[in-house]
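Let's take a walk through this fold, starting with its strands and ending with what gets packed away inside.

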Amino acid sequence: MYTDIAGKSCKKSVDDKVSGAYTLTCPGVGNYRLHILDDDGRNSIDIVSPDARIFSLNYWDVVTPGFSTLGKKAEWRVANIAGKTVPVALIVRLSVMDQSDPERPKRRAVLVVARIGKDTACVVDVVDAASAAANAAARAAADRQAQACLKSVAP
């Protein structure tokens, strides 16, 4: 299932008038919502459960400390549990600034895969989106059970 993470379906609230940081609240699936966070040219996502618990995915710590921009759609991997559609994973495209060569920074796209559990959510894989098989690899990662959460990439 897919939902928009930009545009008219999301509601914007300004978090800091000085820096321009803001949050978009977007609908998800199974009464879940997403908070799309934008702060200082960097993006991340919080998953909000039906009972309003917030699970921060911390893309800026786990995926990249550099500048980043989210795609426009989120892909939800779902399961049917007791007759209800329940999200079990989330896949989002993220454009990141690769500054491994400071004189020649370049943008590259990744697919960020997060596992969603009853009491937790975390990033479990980052797939290079340049590959022709990237979508299939991200979906396979999303569908794997019992994956460990990725650790911080920040120094």
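What follows goes from strand pairing to the cores and then to a helix. Keep in mind that this is a predicted model.

Strand β1, residues 2-4, runs antiparallel to β7 and is joined to it by 3 bridges; Tyr2 has Glu75 of β7 as its bridge partner. β7 also runs antiparallel to β8, this time with 11 bridges.

Now for the inside. In soluble globular proteins, nonpolar side chains tend to be buried together. Here the largest nonpolar core has 28 residues, and Leu34, Ile45, Ile47, Leu57, Tyr59 and Leu90 are the ones with the most contacts inside it. Zoom in on Ile47 and, leaving out residues up to four places away in sequence, you'll find it touching Leu34, Leu57 and Leu90, among others including Phe55, Ile116 and Ala121. There's also a second, separate core of 12 residues, with Ile91, Val124, Ala129 and Ala138 among them.

Ala138 leads us on to helix α2, residues 134-143, where Ala134, Ala138, Ala141 and Ala142 are buried. Because these four cover an arc of only 100 degrees around the axis, they sit on the same side of α2. So what covers them? The cover over the buried residues of α2 includes β7, β8, β9 and β10.

How values were computed:
Residues are numbered from 1 along each chain as its sequence is written. This is a predicted model: local features need pLDDT of at least 70, side-chain atom pairs count only at pLDDT 80 or more; totals for chains, interfaces and linings use all residues. Side-chain values use heavy atoms; hydrogens and water are left out. A nonpolar core is a set of buried Ala, Val, Leu, Ile, Met, Phe, Trp, Tyr and Cys residues joined through side-chain atoms within 4.5 Å. Buried means under 20% relative accessible area, exposed over 50%, partly exposed in between (1.4 Å probe, protein chains only). Contact means heavy atoms within 4.5 Å. Helices (H or I, at least four residues) and strands (E, at least two) are DSSP runs, numbered from the N terminus. The arc is that of the directions from the helix axis to the C-beta atoms. Two strands pair if DSSP finds at least two bridges between them.
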